Amino acid sequence: MKVLLADDHSIVRTALKYVLSELAPELNVVEARNNGDILKALDDNSEGFDLVMLDLRMPGMDGNGQAIAQVVERVDPTPVCVFTVSEDPDEMRAVLAAGVRAYIPKTTDDGLIATILKLVLSGGSYVPPVLGGLDTSVAMENPNQSASSSMATKDIFPDLTRRQREVLALLAEGLSNQEIGERLDLNLSTVKSHVTAILRTLDVENRTQAVLKFQNAIGK
């Protein structure tokens, strides 16, 4: 996995590289300290990145929504995540409106950061709970959450099969299709079929909407 990691503090970049190392056995991180470094990295890596993480508060960026939107547009469809100290709801809304797939405050627990990044890499998005978004910390607190949640949703989602409820619960943990297959001993095509059926049954357009519906259903 190749990641563009932009933050003007080396200690933050080091910490994030540690978190990212949990997501892929082979990790190639290109570091940037300012907006100029970001643009140079994009120029020098024409093959692109799998993920872009950047801070709002660094030289040349400074919360500039236009600069963020330009990065998002340039790397599309690569997901862009913002990791920043700001927890201003208005700033969160502006950044997410620019096309950023996840807004992650720097106060976020490192375990939850990994879960959020898994969700983003699997095609989902993350909106901080302060904006009424998905709070994936529930899954982190209880490793058996998927099994118990699957049973809890039997009456709530009667049109889903038991296996589909299990897949939905694992989607809520931020797992990718590959990881779900490994957890449930299913091949990738079977997992994809279950996800497609879940989206159709729940009448939602994507995985993130399915997870939100799941969380709302179980009262989390």
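# Calls and cut-offs in a predicted model

Modeller: From strand β1, Lys 2, Leu 4 and Ala 6 point one way, Val 3 and Leu 5 point the other way, and all are buried. This is a predicted model, in which local features need pLDDT of at least 70 and side-chain atom pairs count only at pLDDT 80 or more, while totals for chains, interfaces and linings use all residues. Residues are numbered from 1 along each chain as its sequence is written, and side-chain values use heavy atoms, with hydrogens and water left out.

Biologist: What makes β1 largely enclosed by the rest of the structure?

Modeller: Five of the five residues of β1 (residues 2–6) are buried, so the strand counts as largely enclosed. Buried means under 20% relative accessible area, exposed means over 50%, and partly exposed lies in between (1.4 Å probe, protein chains only). In a regular strand the side chains alternate between the two faces of the sheet.

Biologist: How do you know that β1 is joined to strand β2, and in which sense do they run?

Modeller: Five bridges join β1 to β2 (residues 28–32), and the two run parallel. Two strands pair if DSSP finds at least two bridges between them, so five bridges meet the condition. Within this pair, Lys 2 stands opposite Asn 28 in β2.

Biologist: How many helices and strands does the chain have?

Modeller: The chain has 11 helices and five strands. Both are DSSP runs numbered from the N terminus, with at least four residues of H or I for a helix and at least two of E for a strand. Of the 220 residues in the chain, 50% are buried.

Biologist: What makes strand β4 largely enclosed?

Modeller: Five of the five residues of β4 (residues 80–84) are buried, so the rest of the structure largely encloses it. Val 80, Val 82 and Thr 84 lie on one side, Cys 81 and Phe 83 on the other, and both faces are covered.

Biologist: Which strands are joined to β4 by bridges?

Modeller: β3 is joined to β4 by three bridges, and these strands run parallel. Val 52 is the residue opposite Val 80 in that pair. β4 also pairs with strand β5 (residues 102–105), over four bridges and in the parallel sense. There, Thr 84 has Pro 105 of β5 as its bridge partner.

Biologist: Which residues does Asp 55 touch, and with which side chain does it make a polar contact?

Modeller: Contact means heavy atoms within 4.5 Å. Not counting residues up to four places away in sequence, Asp 55 touches Ala 6, Asp 7, Asp 8, Met 61, Phe 83, Thr 84, Val 85 and Lys 106. The polar contact is with the side chain of Thr 84, at 3.1 Å. The term needs a pair of N or O atoms within 3.5 Å; within protein, one must be able to donate a hydrogen and the other to accept it, and residues adjacent in sequence count only if both atoms are side-chain atoms.

Biologist: How do you know that the span of helix α5 agrees with its number of residues?

Modeller: The expected span is 1.5 Å times one less than the number of residues. For the 12 residues of α5 (residues 110–121) this should be 16 Å, and the end C-alpha atoms are 17 Å apart, which agrees. Nine of the 12 are buried, so α5 is largely enclosed; among them are Gly 111, Ile 113 and Leu 117. Just after α5, Gly 123 has a positive phi of about 105°.

Biologist: What makes Asp 185 and Asp 203 stand out in phi, and are they buried or exposed?

Modeller: Most residues other than glycine have a negative phi, and most peptide bonds are trans. Phi of Asp 185 is near 60°, a positive value, and Asp 203 has a positive phi of about 60°. Asp 185, in the loop between α9 (177–184) and α10 (188–202), is exposed at 71% relative accessible area. Asp 203, in the loop between α10 and α11 (207–217), counts as exposed at 68%.

Biologist: Which peptide bond is cis?

Modeller: The bond from Asp 76 to Pro 77 is cis, with omega near 10°. Pro 77 sits in the loop between α3 and β4.
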